[in-house]
Amino acid sequence: MFEKLLQTLALQVGSETSYNKLAEVVGSDISTVQRYRLLEKSFIIFRLPAFSRNLRTELKKAARFIFMTMVSNAVIGDYRLPELRTDIGGLWENFLISERHKRNVFHRFYGKTYFWRTVSQQEIDYLEEYDGGLHAYEFKWNAKKQPRLPGSFLEAYPGTSLKVVNPENYQAFLAPGEF
């Protein structure tokens with residue numbers, strides 16, 4: 001069951017899930033899956049919670065499980081070049097979130113981190129909450145794509161900044177200091 005859980009998480013890299021869904025896929029009960037915190041305690045994955053201020057349309061209980069390394073490739077046995085991968089967006093998000101997490105821990109960042117998604121599939125890849133504000137980040141493998149904050153998010157959380165992280169500027173996102 002442990003191996004199946006690890007493979008399930010690796011195949012869902014960059015996607016949100018819940019303990020209920022994981023238990024269903026691996027054929028177990030929720031409490032058993034929740035007890036498998038070994039992956040978190042051994043720093044293989046960490047849980048990125050959903051951001052919600054209790055708006056009816058926001059996902060509240062889902063989470064993204066982020067691999068701290070690219071071990072997800074080894075788990076599913078896929079070492080193809082990025083341009084040949086159908087999951088490159090999820091891998092790119094996972095890489096950036098895990099590296100930002102490491103940076104934040106190392107530099108004693110005390111804010112909170114999330115992702116945001118609604119039932120109508122509007123989403124923000126990554127949020128940091130600090131100094132009384134929300135800072136949104138969108139991760140795009142294609143540097144030409146320029147996303148915007150969803151209108152429902154801007155309406156509910158005015159004043160949120162948005163930055164796009166792509167292969168051309170990701171090093172600034174991972175460097176110490178403000179990006």
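**View 1. The three-stranded open sheet pairs in the antiparallel sense, in the order S1-S3-S2.** Its edge strands, strand S1 (16-17) and S2, each pair on one side only. The model is predicted: local features need pLDDT of at least 70 and side-chain atom pairs count only at pLDDT 80 or more, whereas totals for chains, interfaces and linings use all residues. Residues are numbered from 1 along each chain as its sequence is written, and side-chain values use heavy atoms, with hydrogens and water left out. Strands (E, at least two residues) and helices (H or I, at least four) are DSSP runs numbered from the N terminus; two strands pair if DSSP finds at least two bridges between them. Five bridges link S2 and S3 in the antiparallel sense, and Pro-49 stands opposite Ala-63 in S3.

**View 2. Helix H1 (residues 2-11) has the buried residues Leu-5, Leu-6, Thr-8, Leu-9 and Ala-10.** Buried denotes under 20% relative accessible area, exposed over 50%, and partly exposed in between (1.4 Å probe, protein chains only). The partners against which the buried residues of H1 pack include helix H2 (19-26), helix H3 (30-35), strand S2 (45-49) and strand S3 (63-67). Helix H4 (38-41) and helix H5 (71-76) are also among them. Contact means heavy atoms within 4.5 Å.

**View 3. Strand S6 (residues 133-139) is mostly covered, with six of its seven residues buried.** Strand S5 (residues 123-130) runs antiparallel to S6 and is joined to S6 by five bridges. Tyr-130 has Gly-133 of S6 as its bridge partner. The hairpin of S5 and S6 has two residues between the strands, and in this hairpin Asp-131 takes a positive phi near 50 degrees.

**View 4. S6, helix H7 (residues 151-156) and S7 form a right-handed β-α-β unit.** A crossover is right-handed if, with the strands pointing away from the viewer, the path from the first strand over the helix to the second runs clockwise. The pairing of S6 with strand S7 (residues 161-165) is parallel and spans five bridges. Tyr-137 stands opposite Lys-163 in S7.

**View 5. Arg-85 lies in the loop between H5 and helix H6 (88-106).** Arg-85 is buried, with a relative accessible area of 8%. The side chain of Arg-85 reaches the backbone oxygen of Asp-78 at 3.0 Å and makes a polar contact with the side chain of Asp-87 (2.9 Å). A polar contact is a pair of N or O atoms within 3.5 Å; within protein, one must be able to donate a hydrogen and the other to accept it, and residues adjacent in sequence count only if both atoms are side-chain atoms. Not counting residues up to four places away in sequence, Arg-85 touches Asn-73, Ile-76, Asp-78, Tyr-79, Arg-80 and Leu-91.
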